[in-house]
Structure formats: C-alpha cells, structure tokens
Amino acid sequence: LYTDDSYETEKCGFLENDNFSWAAFHIAFFLSSYVVPLILISVLYMWMLSRLWRSSVGGRSAESKKGKKRVTRLVVIVVAAFASLWCPIQVILLLKSIDAFETVSPFHLSLQIISHVLAYTSSCINPLLYAFLSENFRKAFRK
C-alpha cells in the first residue's frame, strides 16, 4: 500500500531496502530466458538431427542425403535466428543491471527499442523461415 498526501493506492514492486539485487535478477533472467532455452533447442535439435542422419529411412541415395542436408540447414538457421534475435536485448539488460548501459541518450534508447523489436520478431519468424527454406513446406502450402 502506497500513501501520498493526496491519494492512497496499491502497487506491486520490488522493495529496494530488502537487499534486492537487480544484477542478480537480470543474470537469472538472462539464464532462464536466453541461455537455458538456447541450450535446450540446440540439444534437442541436435538429437533430432542425429536420429535423422542415423536412420535408414530413404536409404543412402543422393536424394535422401540432399533432403537431410536441407533439414539440417533449416534447423541451424532456426537456432541461429533465435540466438541472434534475442541476443541484443539480453546483452542490453545485462549491461543495464551493472549500470554500464544508459537509456538517457536518444541513441541508447533507440538501440533498446530496436533490440526489443528484434526479440519479438523471433516469435513470428519461424513460419517465414520454413516457407522460404523448405521446398516441401512451400509445396504443401500451395496445395
């Protein structure tokens, strides 16, 4: 409960006097929202690709190898897109937590806004990647 001379209101927030560490919060946020998901998708996609390459489905034909290479390229691009689109805002948040990034200047504020937009773009880019990089996806979409 917050009381001012003219009004009384309730608000939720961090109590600075309870030894709250913004640096620890941002490091935990960085690990839980970027590092762990990046490791998870990398490991799971690598597991999927290793199963794909070890499978005997399609035999050892040139067409089968070509298809596996296309899938591998698509997976690498999807993981790289996630990593590169989320990296700028994560770095900015970490720098802000140690007071190494200020949003006072228009340049820094613009950089932070652009970084947020890039991160949100990550949420909608996968269908576009599949559409442009997968011939089978394009064929199925046309049908």
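This is a predicted model: local features need pLDDT of at least 70, side-chain atom pairs count only at pLDDT 80 or more; totals for chains, interfaces and linings use all residues.
Tyr45 is partly exposed, because its relative accessible area is 22% and that class covers the range between buried (under 20%) and exposed (over 50%), as found with a 1.4 Å probe and protein chains only. The place of Tyr45 is in helix H1, where helices (H or I, at least four residues) and strands (E, at least two) are DSSP runs numbered from the N terminus. Leaving aside neighbours within four places in sequence, Tyr45 is in contact (heavy atoms within 4.5 Å) with Val75, Val78, Val79 and Tyr130.

Residues are numbered from 1 along each chain as its sequence is written, and side-chain values use heavy atoms, with hydrogens and water left out.

The score itself, pLDDT, is the predictor's confidence in each residue, from 0 to 100. Its mean for the protein is 84, and 86% of the residues reach 70 or more. Confidence is highest in H1, at 91, and lowest in strand E1 (residues 2-3), at a mean of 56.

Now let us step back to the overall layout. The protein has four helices and two strands, and from the N terminus on the order is β-β-α-α-α-α. Of its 143 residues, 20% are buried. Among contacts with a separation of 6 or more, 56% join residues 24 or more positions apart. The accessible surface, from the Shrake-Rupley method with a 1.4 Å probe and, for residues, only the protein chains shown as cover, comes to about 10700 Å², and 66% of it belongs to carbon and sulfur atoms.

How many aromatic pairs does the structure hold? There are three, counting rings of Phe, Tyr and Trp (its six-membered ring) whose centres lie within 6.5 Å; planes under 30 degrees apart count as stacked, over 60 as edge-to-face and the rest as tilted. One of them joins Phe25 and Phe29, whose ring centres are 6.4 Å apart with the planes at 20°, so this pair is stacked. Both residues lie in helix H1, four residues apart, which is about one turn of the helix. Phe25 is partly exposed at a relative accessible area of 31%, and Phe29 is also partly exposed, at 34%.

Tyr34 and Phe82 form another stacked pair, with 6.2 Å centre to centre and 20° between the planes. Here Tyr34 comes from helix H1 and Phe82 from helix H2 (residues 62-97), so the pair ties together parts that are 48 residues apart in sequence. Tyr34 counts as buried because its relative accessibility is 8%, and Phe82 is buried with a relative accessible area of 18%. Together with Phe30, these two residues form one aromatic cluster.

Follow helix H2 and you will find Gln90. Is Gln90 buried or exposed? Gln90 is buried, because its relative accessible area is 1%. Not counting residues up to four places away in sequence, Gln90 touches Phe29, Phe30, Ser33 and Tyr34.

Ser122 is buried, with a relative accessible area of 12%.

Charged side chains come next. Side chains of opposite charge can pair when their charged atoms come close. A search of the whole structure finds one salt bridge, meaning a side-chain nitrogen of Lys or Arg within 4 Å of a carboxyl oxygen of Asp or Glu. The partners are Arg70 and Glu63, at 3.4 Å from N to O. Arg70 counts as partly exposed at 27% relative accessibility, whereas Glu63, at 53%, counts as exposed.

To finish, return to helix H1 (residues 22-54), where Trp47 lies. Val36, Leu40, Leu44 and Trp47 make a nonpolar surface patch of about 410 Å². Patches are made of residues with over 30% relative accessible area and no salt bridge, with like charges joined within 9 Å and nonpolar side chains (Val, Leu, Ile, Met, Phe, Trp, Tyr) within 5 Å.
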